[in-house]
Amino acid sequence: MTMQAAHRDADFLREIAGPELVERLKFLDASIPTGAAGFLSLPVPPAAPVRGDHCDFDVVIAGGGLSLLLAPVLAARGLRVAVFDRGHIGAVHREWNCSAEELAPLWETGLLPRETVDALVLNRYRHGFCRWHGGGTYPVTGALDHAVDASALLEAVRSRAEATGVRLYDRHPVIGDAAGPDAVRVAFQTPEGASSAVTARIFVDARGSASPRARADLTCPTVGGVFTGLAEGADDPQRIDPTVGEILVTTEGIVEGRQHIWEAFPGRRGETTLYLFAYEPMASRRPGDLTRLYARFFERLPDYKRGDARMVRPTFGHIPGWSRQVPGPVSEHPRIVLFGDAAARHSPLTFCGFGKMLRSFGPVADALVHAVWKGVGPGDPTPEEPIHSLTGALALVMARPPTAPESVDSLNTLLDAAFRRLHGLGDAAYRDLIRDRLDVRRFVKFAWSTSRERPEVYDAVFRVLGPMGAARWGLGAATRALFSPTAAAADAG
Ligand SMILES: Cc1cc2nc3c(=O)[nH]c(=O)nc-3n(C[C@H](O)[C@H](O)[C@H](O)COP(=O)(O)OP(=O)(O)OC[C@H]3O[C@@H](n4cnc5c(N)ncnc54)[C@H](O)[C@@H]3O)c2cc1C
């Protein structure tokens, strides 16, 4: 993108959404992770603790975003816990949707009372749907059908953290860490700019995409926000039906090297969260990316929805993703645990980091408690789903679309065929793919039937993975489908 075009986008946005938004975008656009060091890191790491050193805490968590979920659960089970954040702990500038089952761990773990969780749900949909430009509309029930009040959730978790004795360090950025045999030293900066350090049995790096360990190979730049004034009505693609969630919708082909995708989920009465996003290789991140995407959001919004759209709150950011076709983010020491976006263990196809964290914070908390009791490092406690190594290749296909003019509609055509098949497999399979719960066998069946209709899917996988990668992927799919426990159970049944 030329400097001139970047300035034009920034001026356009400044006029529509104000200077503050443009400044925040500029900061994010300039913060391209190198995979080698955080934005704030010490030139010399702190000295690693030696055996027997005093520990201030059992668990120190760097990053008080959604990962704050862990802290009160650990403290309620008797651990000494501290959370450090460069900003305010429990502040969130996002809107979230998820499926009903994903909310259950919030009360099942004892984190929040069930009534509190119920009150966090802003809206429930009759169904959701996906629609690809020029194709059909494919409805699904029970997937991403709950709009959640993200701010109220994190405020409630913060209150619970305070009540259970978690030490909260707002505006204390973590600037380095060093692991010893039985503890980790964590260096941080105070709001006054002084450096200091604490020692913990386990260090949880939950700094999201800003973590120096966040080495995922994909990203999902996402822009949008909460809007009022959209025209409402049923059975009209250009109107919002407040009882329906729009999960994935395209209104055009591949432009500017990206397949842009819309999402719309109605929240409070009269309000709808709208997002425009794309899949991208992390290595292609360029200064000005989010600003460009936001400008496109406003340019193309009238094609997607009618009405007098007014932005109540902007939300935007990069969601990291890991294709599983290359080594992913890992911790270099068993006492340093990656959690949340820093670990990128969520689905590379749906990028539903919120849902994944709701499903995993309970098991991860269990692993941390056991590790502290046993005096060991927990290693990588986030449960991994085998299907991700298969869906990751498809995410790469989405992230590197063909750019030849004659291929402009190729992804829409392919995705329309895929979703028609998926819909044909029944609501349960469709719902499970969106919820990241589809077992390998059903996934292979779905991929196989799609490829019979659209054999060009092989070309696409071949193009992005190369001959060796494509062969490994195909072999992996076949073996997993044959030998997965679900396959055995299905065969027995
Ligand atoms: C616009 C947008 C919309 C989304 N919508 C959905 C959705 O609808 N459904 C869904 O499933 N997922 C959604 N996601 C994904 C989901 O929000 C993330 O997966 C989730 O927030 C990750 O939580 P986290 O705690 O790992 O990271 P974050 O929530 O990003 O928190 C990271 C924290 O680390 C802090 N930090 C950074 N550097 C330092 C430092 N040096 N020291 C101390 N603290 C530091 C930051 O201040 C921040 O508080 C969305 C993401 C975006 C960007």
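Predicted model: local features only at pLDDT ≥ 70, side-chain atom pairs only at ≥ 80, totals over all residues.
1. Residues are numbered from 1 along each chain as its sequence is written, and side-chain values use heavy atoms, with hydrogens and water left out.

2. The ligand is surrounded by 30 residues, a residue being counted as near if one of its heavy atoms lies within 4 Å of the molecule. The closest are Ser67, Asp85, Arg94, Trp96 and Asp341. By class, the shell comprises 13 nonpolar, eleven polar and six charged residues, where Ala, Val, Leu, Ile, Met, Phe, Trp, Tyr, Cys and Pro count as nonpolar, Asp, Glu, Lys and Arg as charged, and the others, Gly among them, as polar.

3. As for secondary structure (DSSP runs numbered from the N terminus, with helices being H or I of at least four residues and strands E of at least two), β3 (96-98), β19 (307-321) and α8 (353-374) each supply at least two residues of the shell. Helix α8 gives the most, with four residues.

4. Among the polar contacts (pairs of N or O atoms within 3.5 Å), a polar side-chain atom of Asp85 lies 2.7 Å from an oxygen atom of the ligand. Backbone N or O atoms are placed 3.2 Å from a ligand nitrogen in the case of Arg86 and 2.9 Å from a ligand nitrogen in the case of Val174. The protein buries 92% of the 1,000 Å² that the ligand exposes when taken alone, with accessible areas computed by the Shrake-Rupley method with a 1.4 Å probe.

5. Strand β11 (residues 195-205) pairs in the parallel sense with β1 (residues 57-62) over five bridges, pairing being assigned if DSSP finds at least two bridges between two strands.

6. The antiparallel neighbour of β11 is β10 (residues 184-189), joined to it by six bridges, with Arg185 partnered by Thr199. In the hairpin of β10 and β11, five residues lie between the strands, and Gly193 takes a positive phi near 100 degrees.

Conventions:
Polar contact = N/O pair within 3.5 Å; in protein donor to acceptor, adjacent residues only side chain to side chain.
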